[in-house]
Amino acid sequence: MRKLIAIVAVTALLGVLATPAGISVFPLVQELLLPPGTSYSNTIQVENVSEEPVKITVQVVGFMAPEGIPQFLDPAQDRYPFSGKDLLTIEPAQQEVLPGETATFHYTVTMPADLDPYGGRYLAAVFRAEPVEVEAGAQVVVAAQVASLFLIDPGGEAAPHLKVADIKAYPSVDDPHKIVLEALVTNDGNLHISSDQIRGYVYITDEDGYVVDEFSAHTHTVLPGNAYIHREVWQAPQDLPSGKYYLHLGLVLFAPDPEHPQHLFITAPITLKF
């Protein structure tokens, strides 16, 4: 059984939300290898870090992650083919938790024997905290919401597959030496790829093919069927002469087989005038 300790973009976001909200959740992210027809049970801990008692309710929803940020899906309108909103049962549905105490929620996630479409499944247990006692006449009740995310890999033929298109490079409007590189990255496979399974790089060449600069590219987790605008910024040297240059974006995917990575390479030309 594989578990993901942290997915940087997702965990960072939820970590920021957890403390001001008055509740914290552990674990924030779980990555499970769960073949079709099997199930897995465990617990989620929710701590009340506020100074007042709270009532915590839980709802299971599917999620997507455009731009690497989780987007919870309304169950009534969830059309994401890799949503796992129906795979998780969790008990109890509601608990009251005193300040400084921790509530335990027991869950079971079951992968159907027949997956259609075959591939990963993505769901969240969303915990909502409200005050146990509401002052008389209060017009606004402050509620907090934090989630534990599940990324489920069925194994077998499930694999991520990235494609890169629509690459372009252009100078920033406020600084001609600040060059923006953009490309549309899509995971058209049937499984997520984590940020630690991708290596990216950018290098810049002149018209004669000489490398004038290079740097590492940023990467983040990409769910199947999700796309995002990959954006990098190159600060060109102040003494760089005007002329035509080429910005090259390379991505190396070490999934599903680290020994046979997928290599992506795309180039954008740009004429710079300083």
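Me: Is Glu 182 buried or exposed?
Reply: Buried. The model is a predicted one. In it, Glu 182 has 9% relative accessibility, so Glu 182 counts as buried. The cut-off for buried is under 20%.

Me: What does Glu 182 form a salt bridge with?
Reply: Lys 168. The closest N and O atoms of Lys 168 and Glu 182 are 3.8 Å apart. Lys 168 lies in strand β11 (residues 162-172) and Glu 182 in strand β12 (residues 175-187), so the pair ties together parts that are 14 residues apart in sequence.

Me: Which residues are linked with Lys 168 in a network of salt bridges?
Reply: Glu 182 and Arg 231. Salt bridges link these two and Lys 168 in a network.

Me: How many salt bridges does the structure hold?
Reply: The structure holds 4. One of them joins the side chains of Glu 130 and Arg 128, at 3.0 Å from N to O. Glu 130 is partly exposed, at 25% relative accessibility. Arg 128 is partly exposed too, with a relative accessible area of 36%.

Me: What is the salt-bridge partner of Asp 86?
Reply: Lys 85. The closest N and O atoms of Asp 86 and Lys 85 are 3.3 Å apart.

Me: Why does Asp 86 count as exposed?
Reply: Its relative accessibility is 65%, so Asp 86 counts as exposed. The cut-off for exposed is over 50%. Lys 85 is partly exposed, with 22%.

Me: New topic. How many aromatic pairs are there?
Reply: A search of the whole structure finds 7. Take Phe 63 and Tyr 122. Their ring centres are 6.4 Å apart and their planes sit at 85°, so this pair is edge-to-face. Planes over 60 degrees apart count that way.

Me: Where do Phe 63 and Tyr 122 lie?
Reply: Phe 63 is in strand β4 (residues 54-64), and Tyr 122 is in strand β9 (residues 121-131). The pair therefore ties together parts that are 59 residues apart in sequence.

Me: Are those two buried or exposed?
Reply: Phe 63 counts as buried, at 1% relative accessibility. Tyr 122 counts as buried as well, at 0%.

Me: What about Tyr 107 and Phe 150, how far apart are the ring centres?
Reply: The centres are 5.0 Å apart. The planes of Tyr 107 and Phe 150 are at 85°, so this pair is edge-to-face. Tyr 107 lies in strand β8 (residues 102-110) and Phe 150 in strand β10 (residues 144-153), so the pair ties together parts that are 43 residues apart in sequence. Both Tyr 107 and Phe 150 are buried.

Me: Which residues do ring pairs link into a cluster?
Reply: Tyr 40, Tyr 107 and Phe 150.

Me: On to sheets. What is the order of the 4 strands in the open sheet?
Reply: The order is β14-β13-β16-β17, with antiparallel pairing. β14 (211-216) and β17 (262-272) stand at the edges. Each has a single partner strand, so one side of each is left without a neighbour in the sheet.

Me: What does the twist average?
Reply: The average is 15° from one strand to the next.

Me: How many bridges join β16 to β17?
Reply: There are 11, and strand β16 (residues 243-253) runs antiparallel to β17. For example, His 248 has Thr 267 in β17 as its bridge partner.

Notes
Residues are numbered from 1 along each chain as its sequence is written. This is a predicted model: local features need pLDDT of at least 70, side-chain atom pairs count only at pLDDT 80 or more; totals for chains, interfaces and linings use all residues. Side-chain values use heavy atoms; hydrogens and water are left out. Rings of Phe, Tyr and Trp (its six-membered ring) pair if their centres lie within 6.5 Å; planes under 30 degrees apart count as stacked, over 60 as edge-to-face and the rest as tilted. Helices (H or I, at least four residues) and strands (E, at least two) are DSSP runs, numbered from the N terminus. Buried means under 20% relative accessible area, exposed over 50%, partly exposed in between (1.4 Å probe, protein chains only). Two strands pair if DSSP finds at least two bridges between them. Axes are lines fitted to C-alpha atoms, for helices over the stretch in contact, and angles run from 0 to 180 degrees between N-to-C directions.
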